[in-house]
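Please keep the sequence and the model open beside you as you read.

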Amino acid sequence: MEAGQPKLKKLAKRGKNPYNCQINNLDDGCLMLIFSFLCPIPDRYNTALVCRRWRFLACHPRLWLRVDRSVNDLSEPGVYPNIETAVAAARPGDTVLIAAGGIHRTSNIQIKKPICLIGAGELPDDTTLICSRGSESALEFLATCKLANLTVRAELGCCLLHRGGRLTIDGCILQCESNPLDHLSHAIVTTASPPDGVPAAALKKNGDCVTVMRTRIEGGAKAVLTSGTLSLQQVRVIYTRTSLFFWFSVEQT
């Protein structure tokens with residue numbers, strides 16, 4: 001370690017960061033492997049701002065798929081015009097980055113593989129998914145998945161329907177629009193029933209459960225309709241009709 005110190009000092013005197021030089025000497029495959037271990041938002045997203053090479057590697061289809069409504073064809077690898085197409089093309093473990101701006105229409109999209117859906121905007125409001133009236137839900141989860149930095153709005157029914165797997169909702173906004181049939185709408189509905197006699201801690205680690213963190217829930221009859229395991233951490237619930245505000249940091253089983 002001491003033998004390498006003079007060389008590092010020389011690089012520092014020339015105004016160069018010796019550690020940046022070393023990481024940039026890695027080939028593209030090694031750098032992409034390193035990027036794959038980063039949290040997609042904000043770490044991997046921020047690496048794309050460093051330079052052109054890092055942007056190319058950080059946005060490579062091997063690391064995540066992208067949804068961009070402006071795309072008219074599938075000529076660009078890893079870029080899809082809607083969420084349904086991207087989910088169908090995704091492999092287990094993939095991350096789908098949903099472009100900010102505009103509205104993404106979603107209706108009863110079933111997700112049967114472990115993937116992560118993330119909004120590309122700075123705030124959840126920048127990326128909005130809307131479930132039209134007549135649909136049971138915007139997204140239906142049957143596998144372990146994560147939803148982050150998104151706004152999901154349901155005109156009727158529920159925003160998210162959880163049937164199985166471990167679902168994590170982090171930094172999102174879930175909205176049920178006000179209408180005469182509010183009693184039929186819920187932000188989250190989970191139908192996954194826990195096995196008898198299984199502790200809640202074991203279910204959170206290996207079984208079917210829903211974890212909601214740093215999320216705002218607006219409108220609807222209830223914030224969550226569940227028969228399974230639910231964990232709420234820093235969740236704000238707003239019932240617009242009665243102007244009631246609730247702040248949850250509890251766990252329900």
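## Salt bridges and their surroundings

Arg163 and Glu136 form a salt bridge, with their closest N and O atoms 3.5 Å apart. The term salt bridge here means a side-chain nitrogen of Lys or Arg within 4 Å of a carboxyl oxygen of Asp or Glu. This pair links distant parts of the chain, 27 residues apart: Arg163 sits in the loop between β11 (158-162) and β12 (166-170), while Glu136 sits in the loop between β7 (128-131) and β8 (137-141).

Before going on, a word on the model: it is predicted, so local features need pLDDT of at least 70 and side-chain atom pairs count only at pLDDT 80 or more, while totals for chains, interfaces and linings use all residues. Residues are numbered from 1 along each chain as its sequence is written, and side-chain values use heavy atoms, with hydrogens and water left out.

Arg163 also forms a salt bridge with Glu140, and there the closest N and O atoms are 2.6 Å apart. Glu140 lies in strand β8, 23 residues from Arg163, so this pair too links distant parts of the chain.

| Residue | Relative accessible area | Class |
|---|---|---|
| Arg163 | 35% | partly exposed |
| Glu136 | 45% | partly exposed |
| Glu140 | 6% | buried |

The structure holds six salt bridges. One of them joins the side chains of Arg91 and Asp94 at 3.7 Å, N to O, and Asp94 is buried, with a relative accessible area of 7%.

## Two asparagines with positive phi

Most residues other than glycine have a negative phi. Asn149 has a positive phi of about 60°, in the loop between β9 (145-148) and β10 (151-154). Asn108 is partly exposed at 34% relative accessible area, whereas Asn149 is buried at 11%.

## The chain as a whole

How many helices and strands does the protein chain have? There are seven helices and 19 strands, taken as DSSP runs numbered from the N terminus (helices H or I, at least four residues; strands E, at least two). Of the 253 residues, 43% count as buried.

Note on methods. Buried < 20%, exposed > 50% of the residue type's maximum accessible area, 1.4 Å probe, protein only.
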